[in-house]
Amino acid sequence: MQTICKRFQFEAAHVVPGHPLCGNLHGHSWTVEVFVKGEVQKVPYNFVVDFGEIKKVWQDLFERLDHSLLVGDGQYSISQMTNIKKAFGNTRIFLMERYPMPTSENLANLIANYFRDAFPNLEICTRVHEGLTAWAESE
């Protein structure tokens with residue numbers, strides 16, 4: 001078995017209601033590490049999986065995440081989200097379906113499950129860095 005890793009970055013804002021600091025609207029430079037574990041495939045290149053294939057899967061998610069407001073499932077009503085879009089100039093909202101809060105932990109799980117769907121025969125682990133000093137991991 002081998003483990004490979006591909007690192008990505010994006011920018012996004014979030015709010016964790018009720019938290020003394022994170023309850024304020026704020027943003028981060030997020031770094032995502034996607035670890036893929038599996039047997040090296042002999043044909044055609046001796047890869048676990050081509051890094052380019054990992055990047056293709058990420059690209060769709062990146063286009064929705066980057067420069068968005070991360071919103072937990074049920075965190076705001078549809079009318080509240082409409083008002084947020086109006087207030088912030090039709091801002092992009094990324095709804096974290098099935099995850100109630102836009103935390104690093106939930107984001108790590110969401111991204112891991114996204115990659116697990118794309119690579120069902122491989123083991124996926126994700127690490128999501130919220131800024132430079134904090135991260136959450138989903139195994």
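A crossing is left-handed if the near helix is turned anticlockwise from the far one by less than a right angle, and right-handed if clockwise.

The model is predicted: local features need pLDDT of at least 70, side-chain atom pairs count only at pLDDT 80 or more, and totals for chains, interfaces and linings use all residues. Residues are numbered from 1 along each chain as its sequence is written, and side-chain values use heavy atoms, without hydrogens and water.

**View 1. Helix H1 crosses helix H3 in a right-handed sense.** H1 (residues 51–65) and H3 (residues 104–118) pack at about 140°, axes 10 Å apart. Residues in contact (heavy atoms within 4.5 Å) include Trp-58 and Leu-61 of H1 and Leu-110 and Phe-115 of H3. The contact residues divide into eleven nonpolar, no polar and two charged.

**View 2. Lys-56 forms a salt bridge with Glu-53.** A salt bridge is a side-chain nitrogen of Lys or Arg within 4 Å of a carboxyl oxygen of Asp or Glu. Here the closest N and O atoms are 3.2 Å apart. Both residues lie in H1, three residues apart. Lys-56 is exposed at 58% relative accessibility; Glu-53, at 36%, is partly exposed (buried is under 20%, exposed over 50%, partly exposed in between; 1.4 Å probe, protein chains only).

**View 3. Glu-137 forms a salt bridge with Arg-127.** Their closest N and O atoms are 2.6 Å apart. Glu-137 sits in strand S6 (residues 134–138), Arg-127 in strand S5 (residues 123–130). Salt bridges with shared partners join Arg-7, Glu-33, Arg-127 and Glu-137 into one network.

Definitions and conventions:
Axes fitted to C-alpha atoms, helices over the stretch in contact; angles between N-to-C directions. Helix = DSSP H or I, 4+ residues; strand = E, 2+ residues; numbered from the N terminus. Nonpolar A, V, L, I, M, F, W, Y, C, P; charged D, E, K, R; others polar.
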